[in-house]
Amino acid sequence: GMVAPIVLVTLISFMALLMPAPTSGARPALSVTMMLTIATVYYVASRSTPQSNDSTLIGRLYLVGILCSFVLVFVSIITTSLNLIHSDEKLSHKRMSELFQTFDKDKDGVLTEQELASA
C-alpha cells in the first residue's frame, strides 16, 4: 500500500521540469514539496511496518525517490537561477537601448555632449 504513493509522488516531482519559464521559485518550491512528501510517506510507512535489519523494497524505493528529488531540487534551482540571470541581462540591454534612443535627439547614433548633459 505504500509503494504506489512513493512512485506517484516521484513521478509528479519530474513534472516540475515541464513547468514553463522558471522565472519564479515555483519549480524549486514544487521540488522541495515533493521531496518532503516522499519523506512523510516513508515516515508513515516505516511506523506501520515491522522493524528489520534487512533492506526492504519500501526502503530502496524511498532511497531512489529521495535521490531523484535531491537531483530535481538541484536542477530546478540551477535552471531558475540561470533563467533569472539571463532575463535580467535581456531586460537591461533593452532598457539601455530605450534610454539611448530617448536621449539621442538628432538620431545620429552618437550622444553629443549636450545630449549627455540632458541625460
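Of the 119 residues of the chain, 21% count as buried. The model is predicted. Its secondary structure consists of 4 helices and 0 strands. Along the sequence, the order is α-α-α-α. Contacts between residues at least 6 apart in sequence were examined for their range. Of these, 64% join residues at least 24 apart.

Helix α2 covers residues 26-48. Its length was checked against its residue count. With 23 residues at 1.5 Å a residue, α2 should span 33 Å. The end C-alpha atoms of α2 are 33 Å apart, so the two values agree. Several residues of α2 are buried. They are Arg27, Pro28, Ser31, Met34, Met35, Ile38, Val41 and Ala45. An α-helix has 3.6 residues a turn, so residues three or four places apart point the same way.

Helix α1 spans residues 3-14 and contains Ser13. The relative accessibility of Ser13 is 2%. Buried means under 20%, so Ser13 falls in that class. The side chain of Ser13 reaches the backbone oxygen of Val9 at 2.9 Å. Leaving out residues up to four places away in sequence, Ser13 touches Met34, Ser69 and Leu72.

Asp104 is found in the loop between α3 and α4, the latter being residues 113-118. At 4% relative accessibility, Asp104 is under the 20% limit and therefore counts as buried. A polar atom of the Asp104 side chain lies 3.4 Å from the backbone nitrogen of Asp108. With neighbours within four places in sequence set aside, Asp104 is in contact with Gly109, Val110, Leu111 and Glu115.

The largest pocket holds about 260 Å³ of space. Two elements give two or more residues to its lining, α2 (26-48) and α3 (57-103). Helix α2 gives the most, with 3 residues. The lining comprises Tyr42, Ala45, Ser46, Thr49, Pro50, Gln51, Ser52, Asp54, Ser55, Thr56, Ile58 and Gly59. By class, 7 of the lining residues are polar, 4 are nonpolar and 1 is charged.

Key. Residues are numbered from 1 along each chain as its sequence is written. This is a predicted model: local features need pLDDT of at least 70, side-chain atom pairs count only at pLDDT 80 or more; totals for chains, interfaces and linings use all residues. Side-chain values use heavy atoms; hydrogens and water are left out. On a 1 Å grid over the protein atoms alone, a cavity is a set of points where a 1.4 Å probe fits but cannot get out, and a pocket is an open set with protein on both sides within 12 Å along at least five of seven lines; lining residues have an atom within 4 Å of a point. Grid points are joined across faces, edges and corners, and a volume is the space filled by probe spheres set on the points. Ala, Val, Leu, Ile, Met, Phe, Trp, Tyr, Cys and Pro count as nonpolar, Asp, Glu, Lys and Arg as charged, and the others, Gly among them, as polar. Buried means under 20% relative accessible area, exposed over 50%, partly exposed in between (1.4 Å probe, protein chains only). A polar contact is a pair of N or O atoms within 3.5 Å; within protein, one must be able to donate a hydrogen and the other to accept it, and residues adjacent in sequence count only if both atoms are side-chain atoms. Contact means heavy atoms within 4.5 Å. The expected span of a helix is 1.5 Å times one less than its number of residues.
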